[in-house]
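Subject: Structure handover and notes

Dear colleague,

I am passing on the structure we talked about, together with some notes to read beside it. Please open it first and keep it in view as you go through the rest.

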Amino acid sequence: MNVFLSPEMGHIALIIGSCLAFVQALLPLAGSYTGTVRWMQMGRSLACGNLFFVFLAFLCLSNAFLSDDFTVRYVAQNSNTLLPIYFKFSAVWSAHEGSLLLWVLILSMWTAAVALFGSRLPLQFLSRTLAILGLISVGFGFFLLFTSNPFERTFPLPPIDGQDLNPLLQDIALILHPPLLYFGYVGLAVPFAFAISALLESRFDSAWANWSRPWTIASWCFLTIGIFLGSWWAYYELGWGGWWFWDPVENASLMPWLVTTALIHSLIASEQRGVFRSWTILLAIFAFSLSLLGTFLVRSGVLTSVHAFASDPERGIYILLFLSIVVGSTLALFAIRGPVLMSTSSYSGTSRETFLLINNLILTVAVAVVLLGTLYPLISDAFGLGKISVGPPYFNFFFVPLTFVLLIFIPLAMRSSWGNVSTKAVSSWLMQPLLLSLLLGLIGSTTLAYWVGEKGNSLLAIVTMTCVSWVFVMILKDFRDKIKSSSFTLLPVRYYGMVLAHLGVAITVLGAGLYAASGIQRDVKMGIGDYAVLGGYTFYFSDIKRDRRSNFSFTQAEIIVSKEDREIVTLNPEKRHYFSNPQTMTEAAIDPGLLRDLYVSLGEPLDDDHWAIRLHVKPFVRCIWLGGAMISLGGLLAVLDKRYRRRKICSQDRANLSVQSASEI
Amino acid sequence: MMHPLRKQRMQWICLILISTSVATALIAYMLRQNANFFYTPSQIAIGQAPLGVSLRAGGEVVVGSLKRAQQSLAIEFLVSDGLHSVKVTYEGILPDLFSEGQSTVVTGKIDDQNTLHAVQVLAKHDENYTPPEIAEMYENQGI
């Protein structure tokens with residue numbers, strides 16, 4: 001075993017890293033008030049030092065996993081000698097302690113990134129931002145060290161073999177899902193720190209919004225990929241074919257995503273028109289607070305959820321305390337400094353400002369719906385009003401209509417102009433696309449009805465198709481006009497990003513809407529030689545066999561799917577039995593396709609030769625994740641725009657910039 | 001005459017106030033409609049649970065109580081908290097970790113025979129994990 005990367009080394013590195021973060025929280029902040037340039041400059045090197053030591057600690061823990069060091073309790077609880085090597089590595093963040101270490105590591109990465117790429121920021125602003133990030137890092141570093149140390153040993157009697165990684169987590173998407181989600185969650189600390197620094201020096205000009213935008217979009221991209229990856233994992237790994245369950249932990253990631261989406265849009269208005277400034281600051285605070293709340297919900301065990309693998313109320317209380325300090329102190333700061341933030345320009349009812357404000361309102365209402373639905377069971381329990389759970393009907397009741405309203409406003413905001421626009425100018429370019437999308441919606445749902453049967457003709461399908469066509473027609477029209485007046489290469493990269501991301505939203509809604517409207521499923525009892533018919537497909541149960549792989553044995557069914565006497569695919573759903581753990585796992589078999597997925601999962605054995613089997617035909621379900629990929633890619637393009645890489649802006653240019661940027665896009 | 005900027009702000013504030021109050025009222029109403037309360041088998045046995053309302057119940061699946069239908073996926077089993085048990089019916093596939101002697105949480109409606117017709121059956125997803133409702137139920141009984 002590598003002595004240099006021992007668990008003790010990791011423990012020490014973590015302590016040093018947290019101490020550096022502590023200094024990073026104090027010195028640059030003090031320097032920014034006393035005007036000591038040297039102290040302020042230290043922020044950047046402290047951030048890099050902190051990253052080095054936290055990364056070292058992370059390497060030590062990874063090393064303990066890869067070398068099967070079961071003297072470390074955390075390793076013994078979450079790994080096993082039989083585990084393939086890549087799962088041993090991903091087991092590092094499979095439970096509380098390790099995932100928290102990953103949290104701290106990612107925070108250090110973001111902080112170091114701000115330190116390195118923030119050279120165009122004024123020193124005073126940068127040092128305050130780094131100090132805020134340092135404070136957050138200290139909070140989580142101490143949490144890690146005092147309540148959930150991953151390097152704890154189990155002397156004197158270490159187990160011979162570990163308890164194994166939860167089989168649900170032994171999956172490729174789960175290697176990537178938590179880190180990506182954490183990059184998003186934790187990245188929200190950056191716009192948060194920017195907002196606090198802005199409050200500290202009462203500076204909310206368009207330059208500030210310009211600095212904040214790429215960081216906000218970047219963490220939003222990670223959050224988007226993380227959420228969609230999680231949904232994809234739930235779809236094929238949980239084995240029962242849903243893609244979103246309104247599980248409290250899913251909600252915990254959805255809420256910061258919604259707020260950040262609102263933040264991105266309100267930052268645009270703040271940067272270009274100087275409006276909604278206090279609202280923008282408030283959104284930045286809420287986005288990070290909700291990501292902390294998410295950490296609390298996932299890690300405290302207060303919720304019944306697929307993610308609540310192991311929980312400890314004490315840890316929950318620490319995060320809740322941390323959360324209330326963060327929210328309380330920042331809101332107090334906001335209350336003191338907020339009134340300074342007055343809007344400077346006016347706008348009419350059909351301007352882009354108005355549409356962005358409506359977008360923000362819808363997203364905020366959506367967050368309120370999800371927040372109340374998620375917290376209501378906790379509140380009800382805390383006040384002794386009974387133990388309840390809130391089911392999907394509640395969320396769908398609000399979320400589905402809100403999504404459609406949002407879709408209607410998306411292209412309006414993209415197509416309208418800033419400032420005082422007359423109503424006539426808007427209605428003149430509105431009628432044609434409106435009629436066209438209504439027509440497309442009707443044609444689409446009729447085609448669907450012809451293809452999947454009468455279910456396709458539901459109201460949901462018609463509304464979905466119409467709204468999605470509306471977004472497509474309007475965006476493509478706008479795109480064509482832009483190309484006409486400009487050219488491909490002259491259009492800024494962020495414009496392409498915007499188009500791609502919004503089309504992605506429409507594609508996701510198309511997938512979700514049509515899946516809900518026309519997806520069919522059936523649970524059947526089948527034995528060898530039986531067949532079942534669903535949605536025009538014939539599922540023939542031809543064989544069942546048993547075998548084993550490295551750390552589990554499995555039962556595999558063979559189901560031949562055909563349509564109109566033509567064989568389409570052979571699906572092999574499995575039931576897995578892990579050796580280290582009495583747990584059984586369902587591995588669904590999927591035949592993917594852009595137009596439809598065939599999905600078969602094997603239930604429990606009923607008697608000697610009959611099995612419970614679930615069959616699905618899911619039209620357009622892939623569109624959900626295709627849209628997710630487009631949204632993330634669009635965000636990535638937006639981050640790459642050269643607008644955010646401008647050199648340091650001197651105060652004289654700034655006045656020019658705000659005039660110039662108003663005419664851009 | 002109000003300053004146009006101030007007038008605009010007033011309009012927005014009114015709009016926001018109205019929409020938030022409507023939204024809050026609607027959310028509160030829907031939450032009440034969709035809240036599934038948790039009842040112990042004892043509460044159901046002595047008639048404390050409302051009939052025909054979607055609710056949740058939980059406890060241990062009584063060993064030997066699981067019965068399957070011949071032709072369909074219909075099943076029935078007893079869920080007990082150690083003092084009383086309640087009959088649960090369900091049609092569909094059971095979760096992987098569902099088995100006799102293990103704890104479960106079911107969602108459904110109770111009919112006048114005091115049988116719970118479940119639309120969802122959950123089993124714990126980890127051998128070390130007990131749903132908080134059930135943990136507390138046993139705690140209150142002093143088990």
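Residues are numbered from 1 along each chain as its sequence is written, and chains are lettered from A and ligands numbered from 1 in the order in which they are written.

Confidence in chain A

The average pLDDT (the predictor's confidence in each residue, from 0 to 100) of chain A is 86, and 92% of its residues score at least 70. Where pLDDT is low, the predicted coordinates should not be read in detail.

Domains and sheet in chain A

Chain A is divided, by an automatic or database domain assignment, into domain 1 (1-165), domain 2 (170-422), domain 3 (423-518) and domain 4 (520-619). The centres of domain 2 and domain 4 of chain A, taken over C-alpha atoms, are separated by 38 Å, and four residues of domain 2 of chain A are in contact with nine residues of domain 4 of chain A.

An open sheet in chain A is formed by four strands in the order E2-E11-E10-E9, with antiparallel pairing, where two strands pair if DSSP finds at least two bridges between them. Because strand E2 (520-527) and strand E9 (589-591) of chain A stand at the edges with a single partner strand each, one side of each is left without a neighbour in the sheet. Strand E10 (residues 596-607) and strand E11 (residues 610-619) of chain A pair in the antiparallel sense over nine bridges, and Asp607(A) stands opposite His610(A) in E11(A).

Two loop residues in chain A

Asp68(A), in the loop between helix H2 (37-66) and helix H3 (73-78) of chain A, has a phi near 50 degrees, a positive value in a residue other than glycine. Glu564(A), in the loop between strand E5 (552-563) and strand E6 (566-571) of chain A, also has a positive phi of about 50 degrees although it is not a glycine. A residue is buried if 20 or more other C-beta atoms, placed from the backbone, lie within 10 Å of its own, exposed if 12 or fewer, and partly exposed in between; Asp68(A), with 17 such neighbours, counts as partly exposed, whereas Glu564(A), with 8, counts as exposed.

Chain B

Chain B has three helices and seven strands, which follow the pattern α-β-α-β-β-β-β-β-β-α along the sequence. Of the 143 residues in chain B, 31% are buried. Leu83(B) is found in the loop between strand E4 (74-80) and strand E5 (85-91) of chain B and is partly exposed, with 13 other C-beta atoms within 10 Å.

Definitions and conventions
This is a predicted model: local features need pLDDT of at least 70, side-chain atom pairs count only at pLDDT 80 or more; totals for chains, interfaces and linings use all residues. Two residues are in contact if their C-beta atoms, placed from the backbone, lie within 7 Å.
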